[in-house]
Amino acid sequence: MKPSIYLDNNATTPVDPRVLEAMLPYYREKFGNAASRNHRYGWEAEDAVENAREQAAAVINASSKEIIWTSGATESNNIAIKGTAHMYADKGRHIITQVTEHKAVIDPCKYLEQQGYEVTFLKVDKKGRIDLDELRRVMRDDTILVSTMFANNEIGTIQSIGEVGALCKNRGVIFHTDATQAFGKVPVDVEARGIDLLSASGHKIYGPKGVGLLYVRRKKPRVRCEAVLHGGGHERGMRSGTLNVPGIVGFGAAAELCRLEREQETPRLTKLRDRLWNGIGEKLDEIYRNGDPERALPGTLNVSFAFVEGESLMMGFSNIAVSSGSACTSASLEPSYVLKSLGVGEELAHSSIRFSLGRFNTAAEIEQTIDQVTETVQKLRDMSPLAEMAAEGIDLSTVEWAHH
Amino acid sequence: MAYSNKVLDHYERPRNIGALDRNDPNVGTGIVGAPECGDVMKLQVKVDDANRIVDAKFKTFGCGSAIASSSLATEWVKGKTLDEALGIKNTDIVKELSLPPVKIHCSVLAEDAIRAAIADVKKKKTGGAVPSGSEAQATA
């Protein structure tokens, strides 16, 4: 059975019907190649792409000339990190990022390490925030790039992006932020926050999959990235390939809706999220909220339910789609590296559930979720040897477990 | 990843959840796994004078496959002598529950839990040495 309540909006969002409507003509009658300069098909495609560029740029207070279309945030992150590293290799080979980044940032950084670059991974505190003093300390004369995410996908923690931007500006270091989860959901201003490069994705903002953008600053400083894909020199030479016109139109429409509706949507989502946390908390003890409740994405709630394992929890409320930091849900059999980096014990990482709320969730769905989650946790705690031991007064941390 | 119907059935209707008196001389308790690994199983057996398992209970912290493996283990050990129960292999559990490769460790843990519980009751009965291969038992 397919779950009917979708609370996994940080993984992907459904396409907003208004976005889909905007896209459809570009599959049908307006199917032109935006690079065709000699006929109306090409012109209308190009106009649509440029209009979408304006719509996307407006979300982050950028100029449309600074938007490079890509296939998604993974590609944007690759261009930003590898492209910058290669372009500025003569200046230095040191990069700074943080341990809770998405793999689309960590893996390009690890790739560069193999190429002879040096990467410093900043640790985070228990709320998932980096220490600005530590960032200041690890910056060197040969540091060429700092990449810190705007908001974390698992716990929703928002970094002090403006402070990082100011530090980078001060040291003449290029600053990239992966804003995949933040774009359109919280205020993002590339000028006010000193951002030089920014990645975003269409399918996290109720747009289509397969389209993303990279913001590349043109002034103060003019940032250049070496291309990752070659073949025609589209997108200011930074990203060759025929443009995905319907996808780009969808991105633009989705970005505009986020911009116009954010002021109403943020308090609505915040209220639903807080109701979810409070509603669960009224019925259950031994639950822990992971992340930074003060500075978080409005729709993200990450909770560890002590004594029960995440995958079995998700089986219990099979009508609700969520995700878990449990090892059992990952291919690697390792629990979430993000939660581990917060100092959340591994057993609590295994017990974590991420609820990520979105535009189409309702108050009634949240009430149902509260009921089903608390029922399932109760049921599983009744069969948990850990809950039994804790009830007997045994301190689980003193038990000598037989590892296998 | 879809679960097999048998895993779902054991998850929905787990057999033999509960606890036996761990101080009863006829009860053996095995606790295997570790919370930081994501699964802990407690399996208990109660034997009669002929060393036949007359009751079994479990509690499990773990994924659905771990719950199903331990639930199935309690079903299978009931009615068997201790030595017969030692004949239950993890591969039997894998087959019965159609566990995918990533869940084989759940079946291994269930086999370990059976062995640990049996070793415990044997030790109580004889007051003697614990047979090898059954040291996988947590101690508080």
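B:H105 is partly exposed, with a relative accessible area of 23%. The structure is a predicted model. B:H105 belongs to helix α5 of chain B. Its C-alpha atom is separated by 8.5 Å from that of B:A66, a residue 39 positions away along the chain.

**The interface of chain B and chain A**

Chain B contributes 35 residues to the contact and chain A contributes 30 residues. Together the two chains bury about 2800 Å², and 66% of this area is on carbon and sulfur atoms. Within the area that chain B buries against chain A, B:Y11, B:E36 and B:F61 supply 24%, more than any other three residues.

Polar interactions also cross this interface. The rule finds 13 residue pairs in polar contact between chain B and chain A, with both residues at pLDDT 80 or more. Six elements of chain B, namely α1 (5-12), β1 (27-34), β2 (39-47), β3 (53-61), α2 (64-77) and α5 (104-126), each supply at least two residues of the side that touches chain A. The largest share of that side, four residues, comes from α1(B). By class, the side of chain B that touches chain A comprises 21 nonpolar, eight polar and six charged residues.

Three salt bridges are found across the interface of chain B and chain A. B:K42 forms a salt bridge with A:E388, and the closest N and O atoms of this pair are 2.4 Å apart.

**Aromatic pairs**

Over all chains, the count comes to four aromatic pairs. The rings of A:Y206 and A:F360 have centres 5.7 Å apart and planes at 80°, so this pair is edge-to-face. A:Y206 lies in the loop between β7 (197-201) and β8 (212-216) of chain A, whereas A:F360 lies in the loop between β13 (352-356) and α11 (363-382) of chain A, so the pair ties together parts that are 154 residues apart in sequence.

**Accessibility of selected residues**

| Residue | Relative accessibility | Class |
|---|---|---|
| A:Y206 | 7% | buried |
| A:F360 | 39% | partly exposed |
| B:H105 | 23% | partly exposed |

A:Y206 counts as buried because its relative accessibility of 7% falls under the 20% limit. A:F360, at 39%, counts as partly exposed.

Notes. Residues are numbered from 1 along each chain as its sequence is written. Chains are lettered from A and ligands numbered from 1 in the order in which they are written. This is a predicted model: local features need pLDDT of at least 70, side-chain atom pairs count only at pLDDT 80 or more; totals for chains, interfaces and linings use all residues. Side-chain values use heavy atoms; hydrogens and water are left out. Contact means heavy atoms within 4.5 Å. Buried area is the accessible area (1.4 Å probe) that two parts lose on being put together, summed over both. A salt bridge is a side-chain nitrogen of Lys or Arg within 4 Å of a carboxyl oxygen of Asp or Glu. A polar contact is a pair of N or O atoms within 3.5 Å; within protein, one must be able to donate a hydrogen and the other to accept it, and residues adjacent in sequence count only if both atoms are side-chain atoms. Ala, Val, Leu, Ile, Met, Phe, Trp, Tyr, Cys and Pro count as nonpolar, Asp, Glu, Lys and Arg as charged, and the others, Gly among them, as polar. Rings of Phe, Tyr and Trp (its six-membered ring) pair if their centres lie within 6.5 Å; planes under 30 degrees apart count as stacked, over 60 as edge-to-face and the rest as tilted. Buried means under 20% relative accessible area, exposed over 50%, partly exposed in between (1.4 Å probe, protein chains only).
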